[in-house]
Amino acid sequence: MDLVQLSRNVPELIEIDRLAGDLPRGVRVRILDSVIHHGVELPIHCFEAGPEDPEAPVFLLTGGIHGLERIGTHVIIGYMKTLFSHMAWDDTQHELFKKARLIIVPLVNPAGMLLRTRSNGRGVDLMRNAPVEAAHDSWLPLVGGHRLGPFMMWYRGAGADEGALEKEAQALENLVREQLFPAKAALSLDVHSGFGTVDRIWFPYAKSRDPMPSLAEVYQFNTLLDRTYPNHIYKVEPQSLNYTTHGDLWDYFYDQQRASKERGGVYLPLALELGSWLWVKKNPRQLLSMLGAFNPVIRHRYQRILRRHLALLDFMSRAVAGHREWSRVTSKERNEINDKAQDRWFSGHGAAMSPIVAK
Ligand SMILES: [Zn+2]
């Protein structure tokens, strides 16, 4: 495969490479790892801005873990263009990066995007690949992750039991361990599409319907988002309210961070699940293509989606810089906040059903 074919099949990678070649002051780039597909090396780029001190608060933004869900990578590339433009002329943007670090991996699974598959080049669903067993069964057992083989979606991979992660997942783990574990406060946002009619912000667990230990911090984070953007569009909820899965990478990173000696502070791994059913509802013909179920097809809708999440991504960077607003919960406050969070998210309203599962 030559560059012309590559640019036709995965133009996102060309676009990312172009951004990497024209960085504004204060942005660093490196290649986390590469996957080889048909003799072509496909790099996983990582962009960083802000202090290199590993304890500095940090926001990690990732996309393209599922190769079919191109729109997530497009949203991130669009955000990078706006951010990089700000950095070229706007000193206030640089002020923010004196306090907090931003890390962006716009395309975690380049082979999947090239092949137009959910899984990676070896047929493994990276979001089912971690050594995590769900405590509660998924109502759709195969969707929750299986070991039957790479011929079917949601395959967990041969090494999932022993913790031998796929290359892309391992690259992400190394990054999260090194950059997020020691941080005073850390947020990550992993962009997906394909579920529901509204845009959701999901927090752990995917493996269990029990609340995560940092429930109070999530509640505080949600309160800060509501207060800062009273008319925001996001539905914040635990993923398990919708479905449970085995092998979720973010569940794994979250538990590992909590158990780690290098742990700096609170870490909340969030996912942005773009509500693609609305695009399908307004343009049912797009269901005819597999990509159409996960990505907006009509131009004006596509542009609207690229604009729609800029404020959230900006908010996330600011929310790590000002993490005291949500990351500090005293033991006295914790019980009270946990009660409110239980009422909001765990009081027994039923799970949504889904024929297409995204994250
Ligand atoms: Zn996904």
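User: Why is Asn-9 called partly exposed?

Analyst: This is a predicted model, and in it Asn-9 has a relative accessible area of 26%. Buried means under 20% and exposed means over 50%, so with its 26% Asn-9 counts as partly exposed. You'll find Asn-9 in helix 1, residues 3-9.

User: How far apart are Asn-9 and Ala-171, in sequence and in space?

Analyst: They sit 162 residues apart in sequence, and their C-alpha atoms are 23 Å apart in space.

User: OK, salt bridges. What makes Arg-28 and Glu-48 a salt bridge?

Analyst: Their closest N and O atoms are 3.5 Å apart. The cut-off is within 4 Å for a side-chain nitrogen of Lys or Arg and a carboxyl oxygen of Asp or Glu, so the pair qualifies. It links distant parts of the chain: Arg-28 belongs to strand 1 (residues 27-37) and Glu-48 to strand 2 (residues 40-49), 20 residues apart.

User: Which of these two partners is buried, and how do you know?

Analyst: That's Glu-48, with a relative accessible area of 9%. Arg-28, at 26% relative accessibility, counts as partly exposed.

User: And what makes Glu-178 and Arg-30 a salt bridge?

Analyst: Here the closest N and O atoms are 3.7 Å apart, and the limit is within 4 Å, so this pair counts too. It also ties together distant parts of the chain, with Glu-178 in helix 6 and Arg-30 in strand 1, 148 residues apart. Glu-178 is partly exposed at 45% relative accessibility, and Arg-30 is partly exposed with a relative accessible area of 32%.

User: What about Arg-118 and Asp-125: are they buried or exposed?

Analyst: Both are buried: Arg-118 has a relative accessible area of 4%, while Asp-125 has 0%. The threshold is under 20%, so each value passes. Arg-118 forms a salt bridge with Asp-125, the closest N and O atoms being 2.7 Å apart.

User: What makes the phi of Arg-116 worth a look?

Analyst: Arg-116 has a positive phi of about 60° although it is not a glycine. Most residues other than glycine have a negative phi. Arg-116 is found in the loop between helix 5 and helix 6, and at 44% relative accessibility it counts as partly exposed.

User: Which other residue in that loop has a positive phi, of about 70°?

Analyst: Trp-154, which is not a glycine either. Trp-154 is in the loop between helix 5 and helix 6. With 14% relative accessibility, against a cut-off of under 20%, Trp-154 counts as buried.

User: Why is Leu-148 called exposed?

Analyst: Its relative accessible area is 55%, and exposed means over 50%, so the label holds for Leu-148. Leu-148 lies in the loop between helix 5 (110-115) and helix 6 (167-179). With Leu-142 and Phe-151, Leu-148 makes a nonpolar surface patch of about 340 Å².

User: And what makes the patch around Asp-343 a negative one?

Analyst: It is formed by Glu-333, Glu-336, Asp-339 and Asp-343. Asp and Glu count as negative, so the name follows from the members. Asp-343 is in helix 13 (residues 331-345) and is exposed, with a relative accessible area of 58%.

User: Last one: where is the cis peptide bond, and what is its omega?

Analyst: It joins Pro-204 and Tyr-205, with an omega of about 10°. Tyr-205 is in the loop between strand 6 (200-203) and helix 7 (215-228). For context, most peptide bonds are trans.

Technical notes:
Residues numbered from 1 in each chain as written. Predicted model: local features only at pLDDT ≥ 70, side-chain atom pairs only at ≥ 80, totals over all residues. Heavy atoms only, no water. Patch = residues over 30% accessible without salt bridge, like charges linked within 9 Å, V, L, I, M, F, W, Y side chains within 5 Å. Areas by Shrake-Rupley, 256 points an atom, 1.4 Å probe, with all protein chains shown as cover. Charge placed at Lys NZ, Arg CZ, Asp CG, Glu CD. Helix = DSSP H or I, 4+ residues; strand = E, 2+ residues; numbered from the N terminus. Buried < 20%, exposed > 50% of the residue type's maximum accessible area, 1.4 Å probe, protein only.
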